[in-house]
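User: I would like to learn how to read the features of this model. Please take them one at a time, with the general idea and then the case here.

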Amino acid sequence: MDPDDVLEDEVFTIRLEPRAPGAPVPRHETEWVGRCRQIGAARMNFWGLPPALVKDAMVVISELTTNALRYGNMLGFRLIITRDKVGIVVTDGSASTPYVRRPSEDEEHGRGMLLVETFSSDWGVRPDGRATWCTFTIPARQS
């Protein structure tokens with residue numbers, strides 16, 4: 001990525017409280033999902049990105065940050081906006097690799113990565129499994 005093409009690069013990391021696997025996420029940590037969404041929406045709206053793209057990105061931010069809080073020991077969030085793409089990277093500190101599941105209609109959970117795959121242009125996981133990334137293509141602006 002050419003640094004001259006980067007319009008925005010927001011990044012932060014928080015440490016999560018230690019807890020047993022499967023234990024509920026403390027309420028004060030769950031608030032980070034909304035904060036990440038607010039930051040993402042504010043920055044994308046500032047750059048005049050299409051509302052449909054912002055809406056899709058909010059779904060993906062929710063899913064990735066929720067997964068990080070549920071399964072990781074940290075939450076790292078990065079939003080990169082270039083002239084033609086939006087990139088989102090969420091780091092969770094966990095070595096487990098997220099994957100797309102195809103849950104049955106009666107299952108209540110397990111659709112998060114399916115939503116990431118559906119809404120983003122591309123997605124993947126860092127080789128060490130500790131970060132999940134996705135990109136959105138910004139449609140060409142009509143003059």
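**Fold and contacts**

Analyst: Take the contacts in the protein chain between residues at least 6 apart in sequence: 61% of them join residues at least 24 apart. Contact means heavy atoms within 4.5 Å. This is a predicted model, in which local features need pLDDT of at least 70 and side-chain atom pairs count only at pLDDT 80 or more, while totals for chains, interfaces and linings use all residues. Residues are numbered from 1 along each chain as its sequence is written, and side-chain values use heavy atoms, with hydrogens and water left out.

User: How many helices and strands are in the protein chain?

Analyst: Helices (H or I, at least four residues) and strands (E, at least two) are DSSP runs, numbered from the N terminus. The protein chain has three helices and five strands. Read from the N terminus, the order is β-α-α-β-β-α-β-β.

User: What share of the residues of the protein chain count as buried?

Analyst: Buried means under 20% relative accessible area, exposed over 50%, and partly exposed in between, with a 1.4 Å probe and protein chains only. By that rule 38% of the 143 residues count as buried. The protein chain exposes about 8500 Å², of which carbon and sulfur atoms supply 53%. Such areas come from the Shrake-Rupley method with a 1.4 Å probe; for residues, only the protein chains shown count as cover.

**Core**

User: Which residues of the largest nonpolar core touch the most other members?

Analyst: In soluble globular proteins, nonpolar side chains tend to be buried together. A nonpolar core is a set of buried Ala, Val, Leu, Ile, Met, Phe, Trp, Tyr and Cys residues joined through side-chain atoms within 4.5 Å. The largest one here has 29 residues, and those touching the most other members are Met 44, Leu 49, Leu 64, Phe 77, Val 86, Ile 88 and Phe 136. At least two residues of this core come from each of β1, α1 (27-46), α2 (51-71), β2, β3, α3 (112-119) and β5. The most come from α2, which gives nine.

User: Where is Met 44 found, and what does Met 44 touch?

Analyst: Met 44 is in helix α1 and counts as buried because its relative accessibility is 0%. Leaving out residues up to four places away in sequence, its contacts include Leu 49, Leu 53, Val 54, Ile 61, Leu 79 and Val 86. Met 44 and Leu 79 are 35 residues apart along the chain, with C-alpha atoms separated by 9.4 Å. For Phe 136, counted with the same exclusion of residues up to four places away, the contacts include Leu 53, Val 60, Val 86, Ile 88 and Phe 119.

User: Which residues of α1 are buried?

Analyst: They are Glu 29, Val 33, Cys 36, Gly 40, Ala 41 and Met 44. The elements that cover the buried residues of α1 include β1, α2, β2 and β3. To check the length of a helix, take an expected span of 1.5 Å times one less than its number of residues. The 20 residues of α1 should span 28 Å, and its end C-alpha atoms are 29 Å apart, which agrees. Just after α1, Gly 48 has a positive phi of about 70 degrees.

**Salt bridges**

User: How many salt bridges does a search of the whole structure find?

Analyst: A salt bridge is a side-chain nitrogen of Lys or Arg within 4 Å of a carboxyl oxygen of Asp or Glu. The search finds six. One of them pairs Asp 5 with Arg 83, the closest N and O atoms being 3.6 Å apart. Asp 5 lies in the segment before β1 (6-15) and Arg 83 in the loop between β2 (74-82) and β3 (85-91), so this pair ties together parts 78 residues apart in sequence. Asp 5 is partly exposed at 32% relative accessibility, whereas Arg 83 is exposed at 54%.

User: Which parts does the pair of Asp 9 and Arg 78 tie together?

Analyst: Asp 9 and Arg 78 form a salt bridge with closest N and O atoms 2.7 Å apart. Asp 9 is in strand β1 and Arg 78 in strand β2, so parts 69 residues apart in sequence are tied together. Asp 9 is partly exposed at 40%, and Arg 78 is partly exposed at 33%.

**Hairpin**

User: How many bridges join β4 to β5?

Analyst: Two strands pair if DSSP finds at least two bridges between them. Four bridges join β4 (residues 122-125) to β5 (residues 131-137), and the two strands run antiparallel. Gly 124 has Trp 133 of β5 as its bridge partner. The hairpin has five residues between the strands, and Gly 129 takes a positive phi near 80 degrees. Asp 128 forms a salt bridge with Arg 126, with closest N and O atoms 3.0 Å apart. Asp 128 is partly exposed at 35% relative accessible area, and Arg 126 is partly exposed at 39%.
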